[in-house]
Amino acid sequence: MTPPLSSEGDGFLSTTSKRFELRHGIGRMLRDPETGKGPAVCGCGRSGHEVEAVTITRRDSGAIGVGGVFRCDSAWLCPSCAPRQTLDRQSRVKDAVSALYAQDGTAVMVTLTVQHRAGDRLADLKRIVQTAGRKARQGAPWARMQKRAGVIGVLVAPEVTHGRHGWHFHLHLLVLCLAQSNSTAAEAGEFLIQRYMKYVEAEGATAKRLGQDVQVATSPENAADYVAKGLAWELAGRSGKVSRSAKGRAPFEIAASAMTGQPRDYALWREYAETMAGTRSCVVTAAMAEQLGIEPADDSAQDEGEQELAADGVEVGILSPGTWNGLMRLGQAAALIRKVEADQPWPEVAAWARRTANPPEPAPPPPPPVRPSERDIRDAAAVQRGSTAARLGWAVDALRRSTGSRRLFELDATVVTALIKVR
Ligand SMILES: [Zn+2]
């Protein structure tokens, strides 16, 4: 189930421990400080009550897996789950395009963007692009083109980056055509772009033709990569250097920077999380699936999450759910995985985990002070009245109590005077 991406590349999310670390920070940033609640990503990686053990595994690639924990399946918010979600999308797009090509069809790759500048709200850009993109694929003119080019459906993948000119929200579309020729298929893509630009204008924004793109896919892999590669994930997870291209930073790069205390990036990450959580991508509708002879597929599991009972690979060791969740709570799960990645012997790692997750009990509190007896109170009253005998008796009692001794005391005059004075 879990993709074998972990040990590839040297990006800042290239290992399981790095992703756990960022996921922990993201959970902290998105959790409401008052209620302690937040989106599903906040609980990702914790072990459920019904689980008997958390299993740490090592795959052939060397990547570390964790079984017996909750997976949030959030493609947009969770660096631990995004790779798997990306692979899921890629494989269902590949299935769809392969089925299309088996019927001599053609997939046309279309990019839709909108002009934007620093300060534009991501929610506004998303609304404009998605509305115009949807309207472009509605109405009689599009129905006519659909028929001419044999369009059986369109796969849509939203993508977001942030650069010098603010948020960059765009759609990668895959127009699935059963056209007679590539040129008719490309024509359908161009027609879609022209209609899209018109509807962007109707939304009060601008989309220049130069910002849009249309290309005929050369293979199912080419098409799958184009729409489902998950630009955000690829940039952040696979490339060695932090991207500073015209398209700007990927969301997980913003989150990583926000974690280091950049207030502007913290605000950007929150805005991104609020806007993008739950946004569906690469949906194979029932109508599309029927024409292609495949199963419909969606992101429906996304943001609901599931319990992952087994991780792929060879078992390295197991921990009790209590110990694992203790590490999660303390933000130390990434540290444990780092130790396993560094090949530390498991008994050492397990001992460290138990020590860290279950710190020794604090020293017991001191016993409550002894309550004065009735007689103490009576004698104290006598002291107030100035009876020397009473004061002396009370002082000796106090001395006995403080030394815990019942034996008799031999007191000389100096001690007696001192005792009476002290009291
Ligand atoms: Zn997750």
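Is Cys78 buried or exposed? At 0% relative accessibility, Cys78 counts as buried, a word used for residues under 20% relative accessible area, with exposed meaning over 50% and partly exposed in between (1.4 Å probe, protein chains only). Cys44, at 1% relative accessibility, counts as buried too. The model is predicted, so local features need pLDDT of at least 70 and side-chain atom pairs count only at pLDDT 80 or more, while totals for chains, interfaces and linings use all residues. Residues are numbered from 1 along each chain as its sequence is written, and side-chain values use heavy atoms, without hydrogens and water.

Both cysteines hold a zinc ion: its donors are the SG atoms of Cys44, Cys72, Cys78 and Cys81, at 2.3 to 2.4 Å. A donor is an N, O or S atom within 2.8 Å of the metal (3.2 Å for Na, K and Ca); water is not among the atoms, so sites may look incomplete. Along the chain the donors have the spacing C-x27-C-x5-C-x2-C. Cys44 sits in the loop between α1 (16–30) and β1 (54–58), and Cys78 in the loop between β3 (69–71) and α2 (82–102), so the pair ties together parts 34 residues apart in sequence. Helices (H or I, at least four residues) and strands (E, at least two) are DSSP runs, numbered from the N terminus.

Elsewhere, two helices pack together. Trp324, Leu327 and Met328 in α11 meet Ala333, Leu336 and Ile337 in α12, where contact means heavy atoms within 4.5 Å.
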